[in-house]
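Here are my notes on this model. Please read them with the structure open.

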Amino acid sequence: MMIVIKPLIFIVVNMLVGFLYIFAIKCFLFIPSKEKKLFNRRIPLTPAYAYRKKIWLIRKIKKYVNDYIRDTKDDSDGSRITEWEHKVFHNTWDKITFMEDLKFIPNSIKMNIRHFLTTIVYEISKQFLRTFVPYLMGKYEVNKYIELLDKKLDVEILKEYFNKYVYKYVLLFVLAIHFLIGIGNMLIYLCVK
């Protein structure tokens, strides 16, 4: 009786190991859903990865929107919008090369026309980035949409799909592989003994 039970332990242990590391992946992704504390200190890896990334994503979107609104009011050379406006100016300047092909126009006039056209494109982009986009953001209340995204982006739905379509099949596959490894270990044990 003991000769049969000892080798079967190899199968059970191997399948248990396979189950544990697949379950550990599930725990890392989805368990726990809220931050846990022990002696008023946050336990690392809480909330689970998917919940942390959702929080991170919403904060990042809010930060980008607020940074953009703040940059629209900043005319200094260090603001991101000012850098975009300068890129538009330089790219437009580089694109208006057709003026140089006109041989009958003096160079000073060509440069003035080129500068005038580039300045028009620059001013249009400046008005668009600094007034029209913030106006649209205010009119359509972008912050409310971010809050709505926070509510609608439900990690529980992702968890449900994960359990239904990924976890179950990966677990069965890993358990089958570990079952075969356990049988191999059992046969080696029986051959050596």
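1. Terms first. The bend at a residue is the angle between two fitted axes, one through the seven residues ending there and one through the seven starting there. Helices (H or I, at least four residues) and strands (E, at least two) are DSSP runs, numbered from the N terminus. By that bend, helix 4 has a kink of about 35°, centred on Phe128.

2. Basis. This is a predicted model: local features need pLDDT of at least 70, side-chain atom pairs count only at pLDDT 80 or more, and totals for chains, interfaces and linings use all residues. Residues are numbered from 1 along each chain as its sequence is written, and side-chain values use heavy atoms, with hydrogens and water left out.

3. Length of helix 4. Just after helix 4, Glu141 has a positive phi of about 50°.

4. Buried side of helix 4. Buried means under 20% relative accessible area, exposed over 50%, and partly exposed in between (1.4 Å probe, protein chains only). Among the buried residues of helix 4 are Lys110, Arg114, Tyr122 and Pro134. Their cover, by contact (heavy atoms within 4.5 Å), includes helix 2 (49-72), helix 3 (80-95) and helix 5 (142-152).

5. Surface patch. Phe98, Ile109, Ile113, Phe116, Leu117, Ile120 and Ile124 form a nonpolar surface patch, with about 610 Å² of accessible area together. Patch residues have over 30% relative accessible area and no salt bridge; nonpolar side chains (Val, Leu, Ile, Met, Phe, Trp, Tyr) are joined within 5 Å, like charges within 9 Å. A salt bridge is a side-chain nitrogen of Lys or Arg within 4 Å of a carboxyl oxygen of Asp or Glu. Areas are Shrake-Rupley values with a 1.4 Å probe. Ile120 belongs to helix 4. At 35% relative accessibility, Ile120 counts as partly exposed.

6. Backbone to check. Most residues other than glycine have a negative phi, and most peptide bonds are trans. Ile31 and Pro32 are joined by a cis peptide bond, omega about 0°. Pro32 sits in the loop between helix 1 and strand 1 (37-38). A cis bond also joins Thr46 and Pro47, omega about -10°.

7. Positive phi. Leu45 has a phi near 65°, in the loop between strand 2 and helix 2. Phe39 has a positive phi of about 55°, and is exposed at 76% relative accessible area.
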